Amino acid sequence: MVHRLVVSYGQPDDPGTFDEYYRDTHAPLAMEIPGVVKFTVGHARSLDPAQQAPYLVVELDFESEEAMGKGLGSPEGQAASADVANFATGGATFAHFDVREVNAGMPYFP
């Protein structure tokens, strides 16, 4: 089962500077975290104009929650975590979960 870490970044003070730093400095650090099997990133847009979407949403997939814990606890994971304060002027929220596929007629909660 895949275990996913989702990082949502708030609106930065300077989007251009954020994007440049994320692309050139932070993403390479995050990609070095041991155990990452998939890394996706995208600028979010809200479907409801009355609600502000996160500026950037990042997903890091691991083979398990244990693998995520080991990866984030590694020197590479610690370096990536510490780096967030260098560019995330709009803040960042972190959430993780086991990924479950939902098919018609199948319950999605255990």
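Where does Gly90 lie? A few notes on that and on the rest of the fold follow.

1. **Ground rules.** This is a predicted model, in which local features need pLDDT of at least 70 and side-chain atom pairs count only at pLDDT 80 or more, while totals for chains, interfaces and linings use all residues. Residues are numbered from 1 along each chain as its sequence is written, and side-chain values use heavy atoms, with hydrogens and water left out.

2. **Gly90.** To take up the opening question, Gly90 lies in the loop between H3 and strand S4 (92-98). Helices and strands here are DSSP runs numbered from the N terminus (H or I over at least four residues for helices, E over at least two for strands). Gly90 has a relative accessible area of 34% and is partly exposed; on this scale buried means under 20%, exposed over 50% and partly exposed in between, with a 1.4 Å probe and protein chains only. Leaving aside neighbours within four places in sequence, Gly90 is in contact with Gly10, Gln11 and Pro12, where contact means heavy atoms within 4.5 Å. Gly90 and Pro12 are 78 residues apart in sequence, yet their C-alpha atoms are 4.4 Å apart in space.

3. **The chain as a whole.** The protein chain has 3 helices and 4 strands, and along the sequence they follow the pattern β-α-β-β-α-α-β. Its C-alpha trace spans about 45 × 40 × 15 Å along the principal axes. Of the 110 residues, 28% count as buried. Among contacts with a separation of 6 or more, 75% come from residues 24 or more positions apart.

4. **H1 against H3.** The axes of these two helices come within 8 Å and cross at roughly 150°. That makes H1 roughly antiparallel to H3. From H1 the contact takes Tyr21, Thr25, His26, Leu29 and Ala30, and from H3 it takes Glu76, Ala79, Ala80 and Asp83. By class, these residues divide into 5 nonpolar, 2 polar and 2 charged. For the record, axes are lines fitted to C-alpha atoms (for helices, over the stretch in contact), and angles run from 0 to 180 degrees between N-to-C directions. Angles under 35 degrees count as roughly parallel, over 145 as roughly antiparallel, 65 to 115 as roughly perpendicular, and the rest as oblique.

5. His26 is found in helix H1 and is buried, with a relative accessible area of 4%. Beyond its neighbours within four places in sequence, His26 is in contact with Tyr9, Tyr21, Ala80, Asp83, Val84 and Phe87.

6. **H2 against H3.** Helix H2 (residues 65-73) and helix H3 (residues 75-83) pack with their axes 4 Å apart, at an angle of about 70°. The two are therefore roughly perpendicular to each other. Gly71, Leu72 and Gly73 of H2 meet Pro75, Gly77 and Gln78 of H3 in this contact. The tally by class is 2 nonpolar, 4 polar and no charged residues; Ala, Val, Leu, Ile, Met, Phe, Trp, Tyr, Cys and Pro count as nonpolar, Asp, Glu, Lys and Arg as charged, and the others, Gly among them, as polar.

7. **The largest pocket.** This pocket has a volume of about 180 Å³. Of the 16 residues that line the pocket, Leu5, Val7, Leu60, Leu72 and Phe94 lie nearest its centre. Strand S1 (3-9), helix H1 (15-31), strand S3 (56-62) and H3 each supply at least two lining residues. By class, the lining has 13 nonpolar, 3 polar and no charged residues. A pocket here is an open set of points on a 1 Å grid over the protein atoms alone, where a 1.4 Å probe fits, with protein on both sides within 12 Å along at least five of seven lines; lining residues have an atom within 4 Å of a point. Grid points are joined across faces, edges and corners, and the volume is the space filled by probe spheres set on the points.

8. Lys70 lies in helix H2 and counts as exposed at 57% relative accessibility. From Lys70 to Ala104 there are 34 residues in sequence and 35 Å in space, C-alpha to C-alpha. Pro15 lies in helix H1 and, at 30% relative accessibility, counts as partly exposed.
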